[in-house]
Amino acid sequence: MLFQVGGEGTRPTFFEMAAAQQLPASLRAALTYSLGVFALRRSFLHKILDYEDEFFAALMLILEGHSVRTTDASFAESLYGLRRKSVRLRLRKDSSEEVQHSGLEKRQRILSVVFLVVLPYFKSKLHAIYNKEREARLRESLWGTEDQGFDEADFFTGEEPIVSRETSGSQELSVRVQLATKIKKLIAVCYPWIHASSEGLSFTYQLLYLLDATGFYSLGLQALGIQVCRATGQELMDTSSRISKIRNHERERLRGPPWLKKMQGALLSCSYAVLDYAQTGLIAAVFIFKMMEWWYQSAEERLTAPTVYPPPPPPPAPKVAKEGIPLPPDSSLCALCLQKRANPSVVTASGFVFCYSCVFKYVSKYKRCPVTLIPASVDQIRRLFHDT
């Protein structure tokens, strides 16, 4: 047990159940990201990423199968000190129902692994097919179907396309392709409704569980007749003793010469150690990897960050030319008409402000600034807008 969240009684809180449900998805995202980073230097890891669903399903099958078999809980539930128990309803004399818990049966353990691993795997594959079909439909709506095009090589060479002699094989292949296409289209049509129904039922059960209206957190648990409860100290001790009994029984079943038994025993011990520390090891490894990545990324950003220099000082103001028009003593007056500026406009070549009509006529005629005599054009006149 890695975490223990507060609460009273054997019934887990809603937040414990939600955290246990979200942990596999978070673990998958972290593992996928970690493999993606390692694949930048080890190209063979791209093969694992190409079969991401199968790799994660196989990993979870090992972890969930071992966890359900030994602790009667899923991989995530065992981290929070939770256990799965079979539910039996008994009618009392006063016509009320009494809930009795017992250990999981073999059928319930197998179906629990199916609900924890197999169904999420098929859901992920259906989601991938749906996304591909949606992208294909969007591409078709934008660019049209591929059948409308023609082969450019045949057009330029003038050769006719080669017809295969094996007509029967091509027909069988075309039938398979058509069948696969129809199945994909059917999935694209039905998957949104299936997904919406699944999410709606999940939300309903979670809301009822939060309001203490049901003891089942999901429809799958109710279909299996299983409730998730907190594990007591006695149950944890019983679990450890049961694990040791199972392992001793497996060692006793080893057959063969002494050297083969030793080798098999060593392999069993290694597998037991890996499975025992897989729960905390995976979480700790992903956490350490993310922390080291953040550490080196922040250090690299500090090393490669550009040096920030202070802004340069503004250039000096241009001097008034001796032959230019002198500036009036009042800065609000126009140097050309000696009146208060109307529609003030600046000559960008010098920075001095005049009336728009005055400076437009002057620059159009002399092609320079009236004060500094710096060459300027009409395109370098800009209107100034400010509050009056």
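Residues are classed as buried under 20% relative accessible area, as exposed over 50%, and as partly exposed in between. In the predicted model, Met291 has a relative accessible area of 41% and is therefore partly exposed. Met291 belongs to helix α10, which spans residues 258-304. On the surface, Met291 contributes to a nonpolar patch together with Phe287, Ile288, Trp294 and Trp295. The accessible area of these five patch residues together is about 610 Å².

Of the 388 residues in the chain, 27% are buried. The secondary structure comprises eleven helices and six strands. Among contacts between residues at least 6 apart in sequence, 59% join residues at least 24 apart.

Ser345 provides an example of a buried position: its relative accessibility is 0%, and the residue therefore counts as buried. Ser345 is located in strand β4, which covers residues 344-347. A polar atom of the Ser345 side chain lies 3.2 Å from the backbone oxygen of Asn343. When neighbours within four places in sequence are left aside, the residues in contact with Ser345 are Phe352, Val353, Phe354, Tyr356, Val359, Ile381, Arg382, Arg383 and Leu384.

Methods:
Residues are numbered from 1 along each chain as its sequence is written. This is a predicted model: local features need pLDDT of at least 70, side-chain atom pairs count only at pLDDT 80 or more; totals for chains, interfaces and linings use all residues. Side-chain values use heavy atoms; hydrogens and water are left out. Helices (H or I, at least four residues) and strands (E, at least two) are DSSP runs, numbered from the N terminus. Buried means under 20% relative accessible area, exposed over 50%, partly exposed in between (1.4 Å probe, protein chains only). A polar contact is a pair of N or O atoms within 3.5 Å; within protein, one must be able to donate a hydrogen and the other to accept it, and residues adjacent in sequence count only if both atoms are side-chain atoms. Contact means heavy atoms within 4.5 Å. Patches are made of residues with over 30% relative accessible area and no salt bridge: like charges are joined within 9 Å, nonpolar side chains (Val, Leu, Ile, Met, Phe, Trp, Tyr) within 5 Å. Accessible areas come from the Shrake-Rupley method with a 1.4 Å probe; for residues, only the protein chains shown count as cover. A salt bridge is a side-chain nitrogen of Lys or Arg within 4 Å of a carboxyl oxygen of Asp or Glu.
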